[in-house]
Amino acid sequence: QIAGLKVYLDYASKGYQIAQTGLSTISKIKRGDFDLHEAFFASLKAVNPTIASSAKVVTALARGVQIVKEVQQTITGLQSSGQFSPEEVAGYKKVLEGLLLQCAETVDELIHLVTSGHYGMSDDERLRRIDEATKAMEAHYTFCVEQSSGLGKLALQRATEGVENLYSKKLNAKQ
C-alpha cells in the first residue's frame with residue numbers, strides 16, 4: 001500500500017506541475033493580449049504630430065482671437081455710440097458674450113483634439129472632429145461679423161434719423 005501511495009503521489013505531483021505550467025502559460029497569453037489592447041488604446045490617445053500642427057487648427061484658433069477682438073470692439077461701439085438704450089446694450093452684450101462662450105468651448109475642444117492623452121480616437125476620427133470644430137468656428141465668426149455689421153448699421157441709421165429729425169425741427173421752427 002505504501003508503494004502504491006508513493007506512485008499515486010508521483011502522479012499527483014506531475015499533474016500539479018502540468019496544471020501549474022498550463023495556468024502559467026494561460027496567464028502569460030492573457031497578459032500579452034491585455035498588453036496589446038493597452039498599447040492599442042494608448043496609441044489612440046497619442047496625437048499624430050502632423051495633425052497637431054494642422055493649418056486648420058491654427059486657422060480656427062486665429063479665428064477665435066479675431067472673434068474676441070470683434071466682440072470687444074462691438075461692445076465698446078454699442079456703449080459709446082449713444083444710439084442704444086442701456087437695456088438694448090445689455091441684450092446685445094448678452095448675445096455676444098454667449099457667442100464668446102461657444103467660441104471658448106470650440107477652442108477647448110480643438111486644444112484637446114491636438115493634445116495627447118485627452119481623447120482616444122483614430123486619426124480619421126480626430127480629423128473629422130477637427131473639421132467639425134473648424135466649421136463651427138467659421139460659423140461663429142460669420143455670426144459675429146454679421147452682428148457687428150448689423151449693429152453698426154443700426155447705430156448709423158439711428159444717428160442719421162436723429163440728425164434728420166433735428167434738421168427737420170429747425171426747418172419747421174423757421175417757417
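The points below concern a predicted model and take up the packing of its helices.

1. Helix 3 (residues 55-81) and helix 4 (residues 86-113) have axes that come within 10 Å and cross at roughly 165°. Because angles over 145 degrees count as roughly antiparallel, helix 3 is described as roughly antiparallel to helix 4. Their crossing is left-handed.

2. On the helix 3 side, the contact with helix 4 involves Val57, Ala60, Leu61, Ile67, Val68, Val71, Thr74, Ile75, Leu78 and Gln79. Helix 4 contributes Val89, Tyr92, Lys93, Leu96, Leu99, Leu100, Cys103, Val107 and Leu110. By class, the residues of this contact are 16 nonpolar, two polar and one charged.

3. Helix 5 (residues 123-174) has 52 residues, which at 1.5 Å a residue should span 76 Å; its end C-alpha atoms are 76 Å apart, in agreement with that expectation. Its buried residues include Arg126, Arg129, Ile130, Met137 and His140.

4. The axes of helix 3 and helix 5 come within 9 Å and cross at roughly 20°; the two helices are therefore roughly parallel to each other. This crossing, too, is left-handed.

5. In the contact between helix 3 and helix 5, helix 3 supplies residues including Lys56, Arg63, Gly64, Gln66 and Glu70.

Key
Residues numbered from 1 in each chain as written. Predicted model: local features only at pLDDT ≥ 70, side-chain atom pairs only at ≥ 80, totals over all residues. Heavy atoms only, no water. Axes fitted to C-alpha atoms, helices over the stretch in contact; angles between N-to-C directions. Helix = DSSP H or I, 4+ residues; strand = E, 2+ residues; numbered from the N terminus. Parallel < 35°, antiparallel > 145°, perpendicular 65-115°, else oblique. Left-handed = near helix turned anticlockwise from the far one by under 90°. Contact = heavy atoms within 4.5 Å. Nonpolar A, V, L, I, M, F, W, Y, C, P; charged D, E, K, R; others polar. Expected span 1.5 Å × (residues − 1). Buried < 20%, exposed > 50% of the residue type's maximum accessible area, 1.4 Å probe, protein only.
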